[in-house]
Amino acid sequence: MKYSRIAGTGSYLPERILTNAELETMVDTTDEWIKSRTGIERRHIAAPGQTTVDLAEQAARRALDAAGLTPQDVDLIVFGTTTPDLIFPNCGALLQARLGIHGCPALGLEAACSGFIFALSVADKFVRMGEAKCALVIGAETLSRMLDWTDRNTAVLFGDGAGAVVLQPSDEPGILSTHLHTEGSHQDLLNCPVGVSRGFAPEADGRVPLFIRMAGAEVFKIAVRSLGSIVDETLAANNLDKSAIDWLIPHQANLRIIQATAKKLEMPMERVILTVQDHGNTSAASVPMAFDIGVRSGRVKRGELVLLEAFGGGFTWGSALIRF
Ligand code: ACO
């Protein structure tokens with residue numbers, strides 16, 4: 001049996017840091033409220049003109065360097081994002097051109113905050129089927145461009161960034177399993193209510209609502225429940241006890257959601273890679289950035305068992321169990 005394995009990780013954050021204190025001057029909020037309800041202390045914001053693909057290119061080059069590979073080795077790109085540079089070509093195609101490579105399939109994949117896990121699952125299948133030997137998997141976002149900066153319910157939660165991994169074939173795992181779910185019936189609880197087909201009609205205040213809208217408390221409850229059940233599903237599929245997991249690398253939306261999943265796994269928070277305090281919620285970028293930070297800080301080591309999970313708009317949720 002062939003597996004895919006993670007040959008390298010990379011990440012990139014835009015320079016500009018927006019602190020909670022600065023947000024206090026923009027919307028009716030406090031550092032204390034944001035920290036106590038979410039764990040977020042600061043987030044990075046893309047510079048004017050800096051796009052999702054700009055961030056992704058840096059992360060991709062770092063992941064390839066870490067793997068000892070070059071862009072010319074890449075034969076598949078799967079790019080998870082909710083904030084593409086353009087409606088088309090997809091960000092995978094734009095990144096391919098940036099890397100100066102030609103001809104390989106390059107997909108864009110939208111699954112909101114689960115975008116990277118969904119992209120990883122797709123790329124894993126290409127590699128395991130022998131259709132790719134060097135897959136670049138990206139999660140990158142400029143969510144700051146899709147925020148209503150007058151809405152305290154959402155403006156304080158999100159940030160920008162990019163993460164990447166390189167997958168290569170291996171006789172040993174590797175990615176042990178991935179698990180993906182979607183539940184479209186709750187679309188009213190978390191969405192951005194405009195689009196090419198539905199249109200960009202302005203609302204009563206004259207603004208086009210190219211904004212994230214979220215019923216936070218309802219989303220919170222469903223996220224905790226769904227992530228709890230996907231942890232069980234992942235362990236059962238691999239016939240493993242929760243004590244086998246070395247690291248939890250969760251989607252970084254809210255510290256309290258992460259703590260709930262860690263508690264379910266009976267994992268001390270020292271075994272959880274946490275970036276939410278520094279990055280906020282970077283949607284598809286959050287898991288691969290946290291993975292890269294875990295690896296580069298020397299905490300996540302080769303041979304260890306790592307559980308990735310994410311939950312986001314759709315609703316979408318997913319997990320990946322990886323022998324790193
Ligand atoms: N500052 C101060 N007060 C605020 C702020 C703020 N920034 N935002 C909301 N409040 C107020 C609300 O108005 C409300 O006031 P009220 O009681 O007078 O009506 C009060 O705080 C409590 O609001 P809740 O929504 O109940 O707060 P909660 O404790 O649920 O925290 C949060 C809100 C942080 C959004 C939380 O619900 C959450 O993290 N939800 C899940 C987010 C998530 O996982 N999303 C999925 C991924 S996102 C994606 O896919 C794009």
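In which loop is E266 found? E266 sits in the loop between helix 8 and helix 9 (276-279); helices (H or I, at least four residues) and strands (E, at least two) are DSSP runs numbered from the N terminus. The model is predicted, so local features need pLDDT of at least 70 and side-chain atom pairs count only at pLDDT 80 or more, while totals for chains, interfaces and linings use all residues. Residues are numbered from 1 along each chain as its sequence is written, and side-chain values use heavy atoms, with hydrogens and water left out.

**Backbone features**

E266 is not a glycine, yet its phi is positive, about 55°. With a relative accessible area of 62%, E266 is exposed; exposed means over 50%, buried under 20%, and partly exposed in between (1.4 Å probe, protein chains only). S283, also a residue other than glycine, has a positive phi near 50°. S283 is found in the loop between helix 9 and helix 10 (286-296), and its relative accessible area of 3% makes S283 buried.

A cis peptide bond joins F88 and P89, with omega about -5°. P89 lies in the loop between strand 4 (76-80) and helix 4 (91-98). The peptide bond from G314 to F315 is cis as well, with omega near -15°. F315 belongs to the loop between strand 12 and strand 13 (316-323).

**The ligand and its shell**

The ligand is surrounded by 26 residues, where near means that a heavy atom of the residue lies within 4 Å. The closest are T29, R37, C113, N254 and G313. By type, the shell divides into 14 nonpolar, eight polar and four charged residues. Ala, Val, Leu, Ile, Met, Phe, Trp, Tyr, Cys and Pro count as nonpolar, Asp, Glu, Lys and Arg as charged, and the others, Gly among them, as polar. Helix 7 gives the largest share of the shell, four residues.

| Side chain | Ligand atom | Distance |
|---|---|---|
| T29 | nitrogen | 2.6 Å |
| R37 | oxygen | 2.8 Å |
| N254 | oxygen | 2.7 Å |

Taken alone, the ligand exposes 1000 Å², and the protein buries 74% of that; these areas come from the Shrake-Rupley method with a 1.4 Å probe.

**A buried phenylalanine**

F116 lies in helix 5 (residues 115-128). F116 counts as buried because its relative accessibility is 1%. Leaving out residues up to four places away in sequence, F116 touches V137, I138, G139, V165, A284, V287, P288 and L308, with contact meaning heavy atoms within 4.5 Å.

Terms used: Polar contact = N/O pair within 3.5 Å; in protein donor to acceptor, adjacent residues only side chain to side chain.
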